[in-house]
Amino acid sequence: MSAALDPTRSASLLASAGTGKTWNLTARIARLLLAGASPGGILALTFTRKAAAEMRQRVAARLQELAFASDADLPALLQAIGAPSDAGTQARARGLAESLAHAEVPLKAGTLHAFCQEEIGRAHV
């Protein structure tokens, strides 16, 4: 398992296009949510708006996959992202898509530029 998927560790990914960054980031976000993080407590930053939108879409798709996987397939999907496949984790995985959809504060995925601009704006209030 990639250390970047471990929700107990801080991680950053820096790699070339096509190396699996988005897969790793969406898997990490799923792991963070499985570990009890609230969607609003997660910030994913990337370089382009297109990549940020794709990140949000892929996270939603991954959580839908977990929610609607067959009982036979769910353990393998969890193991693929380095998560335990015990009954409690499976039950949490089934509810993540709905939790994300109804989160009071949504998961934030944006660009590094927008994040920095927002922080600078807060400093000048």
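1. Let us start with one side chain. Trp23 touches Leu5, Arg58, Arg62, Ala80 and Ile81, leaving out residues up to four places away in sequence; touching, or contact, means heavy atoms within 4.5 Å. Trp23 sits in helix H1 and is partly exposed, with a relative accessible area of 37%. For that scale, buried means under 20% relative accessible area, exposed means over 50%, and partly exposed lies in between, using a 1.4 Å probe and protein chains only.

2. A word on the model before going on. It is a predicted model, in which local features need pLDDT of at least 70 and side-chain atom pairs count only at pLDDT 80 or more, while totals for chains, interfaces and linings use all residues. Residues are numbered from 1 along each chain as its sequence is written, and side-chain values use heavy atoms, with hydrogens and water left out.

3. Now helix H1 itself, residues 21-34. Helices here are DSSP runs of H or I with at least four residues, strands are runs of E with at least two, and both are numbered from the N terminus. H1 has 14 residues and reaches 20 Å from its first C-alpha to its last, close to the 20 Å expected at 1.5 Å a residue; the expected span is 1.5 Å times one less than the number of residues. Just after H1, Gly36 takes a positive phi of about 105°.

4. How many of the residues of H1 are buried? Ten of the 14 are, which leaves the helix mostly covered. Among the buried ones are Asn24, Arg28, Arg31, Leu32 and Leu34. The cover over the buried residues of H1 includes strand S1 (43-46), H2, helix H3 (74-80) and helix H4 (87-101).

5. Next, the pairing of H1 with H2. The axes of H1 and H2 (residues 49-68) come within 9 Å and cross at roughly 55°, which makes H1 oblique to H2. Axes are lines fitted to C-alpha atoms, for helices over the stretch in contact, and angles run from 0 to 180 degrees between N-to-C directions. Angles under 35 degrees count as roughly parallel, over 145 as roughly antiparallel, 65 to 115 as roughly perpendicular, and the rest as oblique. The crossing of H1 and H2 is right-handed; a crossing is right-handed if the near helix is turned clockwise from the far one by less than a right angle, and left-handed if anticlockwise.

6. Which residues bring H1 and H2 together? From H1 come Thr22, Trp23, Leu25, Thr26, Ala27, Ile29, Ala30 and Leu33, and they meet Met55, Arg58, Val59, Arg62 and Leu63 of H2. By class, this contact of H1 with H2 has nine nonpolar, two polar and two charged residues. In this scheme Ala, Val, Leu, Ile, Met, Phe, Trp, Tyr, Cys and Pro count as nonpolar, Asp, Glu, Lys and Arg as charged, and the others, Gly among them, as polar.

7. Is Arg62 buried or exposed? Arg62 is buried, with a relative accessible area of 13%. Not counting residues up to four places away in sequence, Arg62 touches Trp23, Thr26, Ala27, Ala30 and Ile81. Arg62 and Leu77 lie 15 residues apart in sequence and 9.5 Å apart in space, C-alpha to C-alpha.

8. H1 also packs on H4, at an angle of about 115° and with the axes 10 Å apart, so H1 and H4 are roughly perpendicular to each other. Their crossing is right-handed. Here Ala30, Leu33 and Leu34 of H1 meet Thr89, Arg92, Ala93 and Leu96 of H4. The contact of H1 with H4 has five nonpolar, one polar and one charged residues.

9. The remaining pair is H2 with H4, packed at an angle of about 140° with the axes 6 Å apart. That makes H2 oblique to H4, and H2 passes H4 in a left-handed crossing. The contact is made by Val59, Ala60, Leu63, Gln64, Leu66, Ala67 and Phe68 of H2 with Ala93, Arg94, Leu96, Ala97 and Leu100 of H4. These residues divide into ten nonpolar, one polar and one charged.

10. Finally, a loop residue. Pro106 is found between H4 and strand S2 (108-111) and is exposed, with a relative accessible area of 52%. Leaving aside neighbours within four places in sequence, Pro106 is in contact with Pro39 and Gly40.
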